[in-house]
Amino acid sequence: MKIVIERATVLEIIDYKSFPQPLGVGAVGMVFGKVSNGLTVNFFSELIYPFHLDADGKPSISSQFALNAIRYSATSEVLVAVQYLQGHGWFESDVEFIISGEDPFDELQARGWKNERGSSDDWGVAERVDMAFYLEDVVGELEQDGSEFSKEWYYAKISHLYFSDVEMPDVAMTMGILLAQLWWRADVGDVAERGQANSAALQKANSARKEHSKAQSEDKNKVIAEYWFEARVELGNEVMRRDSNAAQAIYAIAMRKRPKQLLIKATGEVIGVEAIRKRVSALRKLEKIG
């Protein structure tokens, strides 16, 4: 995530997707972002060309680029959508999407489409109903593959509505709702994914810490049990039956041998008699010692 501040304008790049191969027009990917200008906040999406990329292959754009890329018309929104779908293999590379006319009478057209017989005959100007049928199939394929609510599904659904009848008020409203959902998912979903990744990493670290702590505890018990048997040879069973006596005897041996398993890491001192006594009691219950 990259944030650029220029005066009162704040640009945030939410996501960048590179195409498997450059489009016919030379675009190598598409950038998705949010630009705030004063109290106004808008989302934008725009094609990225090689000269927009920095040395690391990431988009390097200005806030003015983002402001110019804000798409207010439904036609422009759908142009972004179909270009994205084409970049991900849903349209043949020789299909050209263009906007004809001038605001407020813009219309999106498709040229260079191959018919069902596989010939290279052009449609000339794509019929709205034909594009609607085609996009309806794309939506169906995505839903069958379990990709409903993916970015591709949103774009296909929005485009299908546009070519069905964009002038109907309920269709335009539905498109707006779908776009709002799409950008919310792009904005919040990325944060959620990072949160899940961080949570998984934390769980993994905690699990590793617990395993390490368990191994250290077992090493301590092993040394204490060894010293208990050593002390029993010198002091006898009767003395070693009492936990407090056994702890004192083991502590004396540890002070002499200073095993790393019974040393406090921060101070280098041997663990206290009380700590040893608790472990002796636990080992006795487990029948590790007499």
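Which residue just after helix 8 takes a positive phi? In this predicted model, that residue is Glu 287, with a phi of about 65 degrees.

**Helix 8**

Helix 8 covers residues 273–285. Its buried residues are Ile 276, Val 280, Ser 281 and Leu 283. Viewed down the helix axis, these buried residues fall within an arc of 165 degrees, so they line one face of helix 8. An α-helix has 3.6 residues a turn, so residues three or four places apart point the same way. Lys 278 and Lys 285 are exposed on the other side of helix 8.

Ser 150 counts as buried because its relative accessibility is 19%, where the cut-off is under 20%. The side chain of Ser 150 reaches the backbone oxygen of Ser 147 at 2.7 Å.

Helix 4 itself is mostly covered, with twelve of its 15 residues buried. Among them are the aromatic residues Trp 153, Tyr 154, Tyr 155, Tyr 162 and Phe 163. The buried set also includes Lys 151, Glu 152 and His 160.

**Helix lengths**

| Helix | Residues | C-alpha end to end | Expected span |
|---|---|---|---|
| Helix 8 | 13 residues | 19 Å | 18 Å |

Key:
Residues are numbered from 1 along each chain as its sequence is written. This is a predicted model: local features need pLDDT of at least 70, side-chain atom pairs count only at pLDDT 80 or more; totals for chains, interfaces and linings use all residues. Side-chain values use heavy atoms; hydrogens and water are left out. Buried means under 20% relative accessible area, exposed over 50%, partly exposed in between (1.4 Å probe, protein chains only). A polar contact is a pair of N or O atoms within 3.5 Å; within protein, one must be able to donate a hydrogen and the other to accept it, and residues adjacent in sequence count only if both atoms are side-chain atoms. Helices (H or I, at least four residues) and strands (E, at least two) are DSSP runs, numbered from the N terminus. The expected span of a helix is 1.5 Å times one less than its number of residues. The arc is that of the directions from the helix axis to the C-beta atoms.
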